[in-house]
Amino acid sequence: MAFPYKKVLLIGATSGIGLELAEQLVPQGVHVIAVGRRQDRLDSFVAKAGEAKASGVALDIAAIDKIPAFAKGIIDAHPDLDCVFLNAGVQYVMDFSKPQTVDLAKIQHEMTVNYISMVALTHAFVPFFQEKAARGDKVAFIYTTTALMSLPYPMVLNYSASKAALHAFIISIREQFKHARQPIGVLELVTPLVQTELHNGQPGWGPDFNPGMPVVDFVKASLAGFAAGDETVAVGQAKAIFDEFEAEKGRRVGPAWAAIRKAMGKAHTFD
Ligand SMILES: NC(=O)c1ccc[n+]([C@@H]2O[C@H](COP(=O)([O-])OP(=O)(O)OC[C@H]3O[C@@H](n4cnc5c(N)ncnc54)[C@H](OP(=O)(O)O)[C@@H]3O)[C@@H](O)[C@H]2O)c1
């Protein structure tokens, strides 16, 4: 079985998990539109994959006001786009027991990149996917989250909070699309510790210390999960944590909303 989408907009494709996803998707016949801030990395990916199979568009997703025009440009150039994979992320270490070390600008930036920009990108592509889904095309958003959304890691407390926010958004929009009978896939990749650039510059991390799952193995397992049709692909140690803390939540959100609608009539529905 192969990856179920043919043209993927991959946000955060210049290193780590995103770059490896791009490099494993292209040989499967998937056209990858790679996005990140580093133009040189985008250029070398496209040069290696070939322009028939890959494209690169530079964007700083923290520039929220640029997202609508970015989305229009992508949709105009790639009307056959069928998957938006929201993988970008940043992670900052901070310690509130030493508040003088906490940089509020970093908190804001982390929340913007990991959450607000994901919401803004989703918002920008929903009308396009609604039209495609109404025509019977299979389309999906995929989001990269982490085991830390369920079990916050105190060293990266704001990162954990930003991903918890993203996960809450994911399970709610999934229910909204289902309720509106709009068959737009909302998929999630729940990630354990993986060897990437995410922790570069953090205390103790360096060329001799970057533990976690090798990125090639992680991406192979992830793509196997999506090829099998899984809505949530949780890999390695992240699977045990997801199953313990999140699986039941995902099952209950829809029925709980239905019960509230039943009890409250029109109060809590947009119908
Ligand atoms: N590695 C782990 O242990 C781990 C664990 C759990 C979850 N994750 C998640 O996996 C995802 C990928 O991270 P990674 O581990 O592969 O780290 P990475 O190697 O640092 O890659 C991060 C990617 O995000 C992009 N990005 C960051 N800020 C951006 C911005 N403002 N605008 C556009 N693109 C931006 C980077 O591109 P540019 O720098 O070129 O902009 C890069 O392509 C993230 O969502 C992360 O939270 C990773």
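A crossing counts as left-handed if the near helix is turned anticlockwise from the far one by less than a right angle, and as right-handed if clockwise. Keep in mind that this is a predicted model, where local features need pLDDT of at least 70, side-chain atom pairs count only at pLDDT 80 or more, and totals for chains, interfaces and linings use all residues. Residues are numbered from 1 along each chain as its sequence is written, and side-chain values use heavy atoms, with hydrogens and water left out.

**Stop one: α1 and α6**

Select residues 16-25 for helix α1 and residues 215-227 for helix α6; the two pack at an angle of about 60 degrees, with their axes 9 Å apart. (Helices are DSSP runs of H or I, at least four residues, numbered from the N terminus; axes are lines fitted to C-alpha atoms, for helices over the stretch in contact, and angles run from 0 to 180 degrees between N-to-C directions.) That angle makes α1 oblique to α6; under 35 degrees would count as roughly parallel, over 145 as roughly antiparallel, 65 to 115 as roughly perpendicular, and the rest is oblique. The crossing of α1 past α6 is right-handed.

Now show side chains. Contact here means heavy atoms within 4.5 Å. From α1, residues including Ile 17, Leu 21 and Leu 25 meet a set in α6 that includes Val 215, Phe 218 and Leu 223. The contact residues split into 8 nonpolar, 2 polar and 2 charged. (Ala, Val, Leu, Ile, Met, Phe, Trp, Tyr, Cys and Pro count as nonpolar, Asp, Glu, Lys and Arg as charged, and the others, Gly among them, as polar.)

**Stop two: α3 and α4**

Next, pick residues 67-77 (α3) and residues 104-134 (α4), which pack at about 40 degrees with axes 10 Å apart. α3 and α4 are therefore oblique to each other, and their crossing is right-handed. Look for Phe 70 and Ile 74 among the α3 residues that meet α4, whose side includes Leu 121, Phe 125 and Phe 128.
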